[in-house]
Amino acid sequence: MTEDEIRAAVLAALTGVAPDIEDETVDPATPFRDQFDFDSMDLLNFAIALHRSLGVEIPEIDYPKVASLEGCLGYLSGKLQDA
Amino acid sequence: MQWEPIHKKNGTGPVAPNLGDYDRVRSEFSWVSARAALDGLPGGDGLNIAHEAVDRHAAGPRAGHTAIRWIARSGAVRDISYAELRTLTSRFANALKGLGVAKGERVFALAGRVPELYVAALGTLKAGSVFCPLFSAFGPEPIKSRMTLGSARVLVTTTALYRRKVEPMRAELPELRHVILIDGDGSVPGTLGFAALTADAGDAFAIAPTDPEDMALLHFTSGTTGRPKGAIHVHGAIVAHHATARLALDLHPEDVFWCTADPGWVTGTSYGIIGPLSVGVTLLVDEEEFDAERWYRTLQDQKVTVWYTAPTAIRMMMKLGIEPIRGFDTSSLRFLASVGEPLNPEGVVWGVEAFGLPFHDNWWQTETGGIMIANYAAMDIRPGSMGKPLPGIEAAVVERLDDGGVRVIDEPDREGELALRPGWPSMFRGYLNEEERYAKCFAGGWYLSGDLARRDADGYFWFVGRADDVIKSAGHLIGPFEVESALMEHPAVAEAGVIGKPDPVAMEVVKAFVALKPGFEAGEPLRRELLGHCRKRLGAAVAPREIDFLKDLPRTRSGKIMRRLLKARELGLPEGDTSTLESGT
């Protein structure tokens with residue numbers, strides 16, 4: 001899977017949870033919470049959506065690692081390489 | 001399943017509990033003696049929360065003791081002593097005076113957990129103005145309605161929150177005169193920078209005479225219908241904040257106390273700022289949100305002794321299991337408490353497995369200002385029970401009568417509405433500008449809480465449910481009307497009904513049922529659009545997580561949407577008495 005494909009899947013999962021941000025630019029380094037008021041339930045739904053689209057299981061203890069775009073892309077590419 | 005009581009072996013803990021023998025302390029307790037444990041303003045000039053929480057410690061042997069230990073998101077730690085906190089809050093109070101902010105005028109806060117928020121809260125109280133915290137994850141609409149209802153004069157916030165949520169509607173807040181940006185330098189039009197403003201202000205501030213009945217805090221809460229309600233609390237509430245922090249949370253001056261609640265909600269103010277500081281403890285504040293490993297590390301590194309958290313967080317930790325905790329030394333903990341919604345017995349007992357200590361659930365509301373019913377350090381716990389009333393608090397289970405009065409239910413284990421005998425110091429003194437709604441909370445000499453409960457034969461209270469349609473999600477009360485109103489603003493929506501859908505972690509999540517106007521098609525694109533519409537207006541904390549489309553919504557003959565019926569259908573429960581239902585639905 002290419003980096004672009006991962007990014008597309010992440011953005012799709014993100015806007016699935018928070019459709020209000022569809023037209024906004026996502027700052028890669030800033031946590032979703034600071035940009036879009038993401039809370040823990042949003043993160044849970046985000047992780048479930050990623051599992052569904054990418055087949056990557058994200059244990060809950062790792063949720064803080066996927067809480068920003070940058071963190072999430074790094075985490076997922078690591079996971080997908082391992083697989 | 002029947003849960004075994006958790007027996008306490010008294011006299012084995014590291015410190016003697018403040019409440020050793022429940023019956024004895026309760027019989028000897030009086031609010032007059034609780035008041036005597038405080039100093040009062042010098043010269044007998046009344047009672048001011050900020051004096052009891054800050055200045056009196058700063059003037060004595062605890063001056064150098066750490067009042068607030070703040071952990072930045074980066075992990076950096078900043079300690080603020082009581083003496084320093086006195087200076088910082090005095091500067092803020094002087095700054096407010098310099099801006100011409102008068103006694104009784106409202107200072108709102110919309111910010112994450114940063115030191116300036118705590119300084120603003122206490123400095124506002126010093127100045128005799130009224131502090132009103134807002135949850136920073138609120139969207140523009142909840143912010144606007146609360147600031148309008150509360151006649152906000154000053155707003156303390158951050159540049160990012162201001163830009164995103166307040167600036168676009170500033171013109172609609174004509175009473176708002178000053179916006180102070182915590183990270184600002186005055187370059188954003190119409191704002192002041194916190195640092196510059198307070199640097200120029202004097203270090204000393206003499207608190208003006210304060211009547212214990214002077215308004216101190218305004219906390220917004222939600223009802224079933226209508227607008228949010230601003231519950232008024234007075235400076236005299238400090239007597240209850242202080243007494244309950246000692247008795248229910250067992251706080252001692254040498255404690256390192258961590259309340260994980262955000263000051264945007266009443267818990268984060270009463271016990272995340274005021275109560276513990278009045279006892280003289282070190283208050284731990286973490287800027288970061290829930291992150292299990294970070295929390296365990298914080299408990300370990302900061303040697304937290306008393307921890308006050310919420311069922312939603314406990315259940316999230318339970319899902320992660322015990323394993324992640326094993327790498328950390330949490331042995332400094334000696335007392336764990338929980339509030340926000342009832343803590344299920346599994347959560348109480350899990351505390352023992354995870355930390356060697358049970359969680360002590362307690363019960364109170366925005367209106368009560370402080371803990372009313374609790375499990376105590378030295379009292380056996382019946383897992384799932386909220387415990388017994390605080391000393392000084394008379395609680396009962398009552399039923400409302402047709403004549404407008406109430407009857408106290410004396411028989412054990414019978415369900416009814418949880419009621420409290422008015423007169424405790426932190427009782428709300430009104431809903432701002434809503435006399436009628438305030439009066440409706442009282443009947444037959446009781447404050448009626450809106451929560452259903454039962455009391456067992458030994459005096460332990462048990463939560464049963466809400467008497468109304470208010471939604472309890474992740475420790476926050478959400479008014480269905482506020483959510484329905486936002487949905488109705490969307491051009492596709494003809495009618496909307498909002499319920500709390502049971503959730504294993506958050507207790508309830510907000511779920512909306514929507515009927516569409518002709519010409520609009522139900523489907524995924526519109527569902528997403530409505531979700532986005534609500535999140536934008538209400539913020540993630542209030543917006544629905546789920547939306548279902550219905551052809552039409554069940555209404556009573558008088559036209560009211562039957563949320564209860566929507567909920568019964570959602571849960572697959574019997575629909576109950578539908579005789580008042582409009583025909584055809």
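**Group meeting talk: cavities and an interface**

Hello everyone. Let's start inside the protein, at the largest cavity: 13 residues line it, and those nearest its centre are R113(B), W258(B), C259(B), T260(B) and D286(B). Before I go on, please keep in mind that what we are looking at is a predicted model.

Which elements give two or more residues to that lining? They are two strands of chain B, β10 (256–259) and β11 (282–286). Of these, β11(B) has the largest share of the lining, with 4 residues. If we sort the lining of the largest cavity by class, we get 8 nonpolar, 2 polar and 3 charged residues. The space in there comes to about 90 Å³.

How do we find such places at all? Rolling a probe the size of a water molecule over the atoms shows where empty space is left.

Now let's move to the place where chain A and chain B meet. On the chain A side 22 residues take part in the contact, and on the chain B side 26 residues do. For chain B and chain A, the buried area is about 1900 Å², and carbon and sulfur atoms give 48% of that. Three arginines of chain B lose the most area to chain A, namely R528(B), R535(B) and R545(B), and together they make up 31% of what the chain B side buries.

In one salt bridge, R535(B) pairs with D42(A), and the closest N and O atoms are 3.0 Å apart. Polar contacts join 12 residue pairs across the interface.

And which helices of chain B are involved? At least two residues each come from α7 (159–166), α11 (292–301), α12 (311–320) and α17 (524–538). Among the elements on that side, α17(B) gives the most, with 5 residues. By class, the side of chain B touching chain A has 12 charged, 11 nonpolar and 3 polar residues.

Key. Residues numbered from 1 in each chain as written. Chains lettered and ligands numbered in written order. Predicted model: local features only at pLDDT ≥ 70, side-chain atom pairs only at ≥ 80, totals over all residues. Heavy atoms only, no water. Contact = heavy atoms within 4.5 Å. Buried area = accessible area lost by both parts, 1.4 Å probe. Salt bridge = Lys/Arg side-chain N within 4 Å of Asp/Glu carboxyl O. Polar contact = N/O pair within 3.5 Å; in protein donor to acceptor, adjacent residues only side chain to side chain. Nonpolar A, V, L, I, M, F, W, Y, C, P; charged D, E, K, R; others polar. 1 Å grid on protein atoms, 1.4 Å probe; cavity = no way out; pocket = protein on both sides within 12 Å on 5 of 7 lines; lining within 4 Å. Points joined across faces, edges and corners; volume = space filled by probe spheres on them.
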